[in-house]
Amino acid sequence: MNPETTAVPYERLGILIDGRWIYEAERSTEVVDPATGQTIVRLPFAADGEIAKAVASSQSAFESWKDRSPLERGRILRRFADLARKHADEIARNMTRDQGKPLSEAIGEIRFAADHADWHAEEARRIYGRVIPARDPRVQQMVLREPVGVCIAFTPWNFPFSQALRKVVAALASGCTIILKGPGESPSSTVAIGRLMQEAGLPDGCLNILWGDPAHLSETLLAAPEVRKISFTGSVEVGKHLASLAGRHMKRSTMELGGHAPVILFDDADIEAAADALAGQKVRNAGQVCISPTRFYVQAKGHDRFLARFAEKIASTRVGNGFQESVQMGPLCHGRRVAAMEGFVQDAREQGAEIVTGGERVGNAGFFYAPTVVAAGTDELRLMKEEPFGPIAVVTPFGDFDEVIRRANSLPFGLASYVFTGSSSRAQNAARALAAGMVSVNHFGLALPETPFGGINDSGYGSEGGSETFDGYLNTKFVTRFDQIPQ
């Protein structure tokens, strides 16, 4: 074992209910190191009685938390942010062990996520209502915004700290309480959030953490009358199922689902600079990013030049254990992702596409897969239709503006899109024409705390960033008052 992995003891995994950690359970599941394929520890599952206690605890805590001053809520979130930065190295080491990403990426994730806590702490004091001028001067009309109540959140393994924290701080800043089910594959970050929230002074019950079978937990929690909102980040298929359950019980939902981000590279862009920047983004977190660039449409005049430079950069990526200092890409999170990459590459080969680089496993231990570039002459490849969620990019030429917009918008996904061009008019027209919740032109300016983050169509609805976040956690109440009963 790499000595770096033993420098910090792995997080003690537990269930958190009403401020008390539970470490033993009748049922559990194994947590695996993706770099070795070996079991690290076992994760305890919550029993039905514990799920019920978590709901009751959250509801009880909500009755007082909703009336806490936004300034007081903010002070707790700021203390958490400071603690997260202070302990970033140790949390990151555990994340690299159970998720696989390079240690530098893990540290960056935690420090960046702390910014979300700070931003929500500040923005909580700006959850304003409004006064509506009345038609009768004796009447007062007010709009109040009130926390919806107990929320539940299901978060993914690709960014186990930041994805969970975004939901937690949005709920808490709004005056809601939250039950969090983090990723069973990489659970240490979720437990660290709970531990540091307690240290920051968060009252018991405001954050409860459960582990267990996702289907059973989601169905049980959504059926609970105390639960008023769900936030989910994950696959389109699961998101649609959860949205249907939420609709059946009239619960609010925020869905941040899969994407298949198109990159449109016009021939007036800086081809070499774009290729270098896009290569770095493609291998970030081994391509396991919902906004990762995946479908590369390159205008015919610059296609060959881009493909050669991009493939060269991808091929030079240093792949290995995330604790090794020079590594740029770690393993995939679990073996199912490796099998998925093999399926995409096999389909591409069968349809006559060129595997420019990569296209195979790396080593004989762990879940490593070589960063891969596929050159496609057809949109019928699975890679052109399905999100790979891994270190595979498919590059294809296009002719004119109308063609590329039609092809980019041909899928039901609509999360992120990228445009590279030297023309302001092209940039503006492409941004307007692309069917996506987010469009980034000539850079990768997405996912900041102060900016909206969310998709359209099959990529979901609602925002996980910016002031729009609070819309999912607040009820609108209209109050009208007459000074005396009208005669």
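Student: How many residue pairs are in polar contact across the interface of domain 1 and domain 2?

Tutor: This is a predicted model, in which local features need pLDDT of at least 70, side-chain atom pairs count only at pLDDT 80 or more, and totals for chains, interfaces and linings use all residues. Residues are numbered from 1 along each chain as its sequence is written, and side-chain values use heavy atoms, leaving out hydrogens and water. A polar contact is a pair of N or O atoms within 3.5 Å; within protein, one must be able to donate a hydrogen and the other to accept it, and residues adjacent in sequence count only if both atoms are side-chain atoms. With both residues at pLDDT 80 or more, the number of pairs across this interface is 8.

Student: Which element gives the most residues to the side of domain 1 that touches domain 2?

Tutor: Helices are DSSP runs of H or I with at least four residues, strands are runs of E with at least two, and both are numbered from the N terminus. Two elements give two or more residues to this side: α3 (88–99) and α4 (103–123). With 6 residues, the element that gives the most is α4.

Student: How much area do domain 1 and domain 2 bury between them?

Tutor: Buried area is the accessible area (1.4 Å probe) that two parts lose on being put together, summed over both. Here 64% of it is on carbon and sulfur atoms. The total is about 2200 Å².

Student: Which residue meets R336 in a salt bridge?

Tutor: A salt bridge is a side-chain nitrogen of Lys or Arg within 4 Å of a carboxyl oxygen of Asp or Glu. For R336, the N to O distance is 3.4 Å. Its partner is E185.

Student: Is K101, the salt-bridge partner of E109, buried or exposed?

Tutor: The closest N and O atoms of E109 and K101 are 2.5 Å apart. Buried means under 20% relative accessible area, exposed over 50%, and partly exposed in between (1.4 Å probe, protein chains only). E109 has 5%. Because K101 has 2% relative accessibility, it counts as buried.

Student: Which residue pairs with E464 in a salt bridge?

Tutor: The closest N and O atoms of this pair are 3.2 Å apart. E464 sits in the loop between β19 (460–461) and β20 (474–482), and its partner, 297 residues away, is in helix α5 (residues 162–174). Both residues are buried, and the partner is K167.
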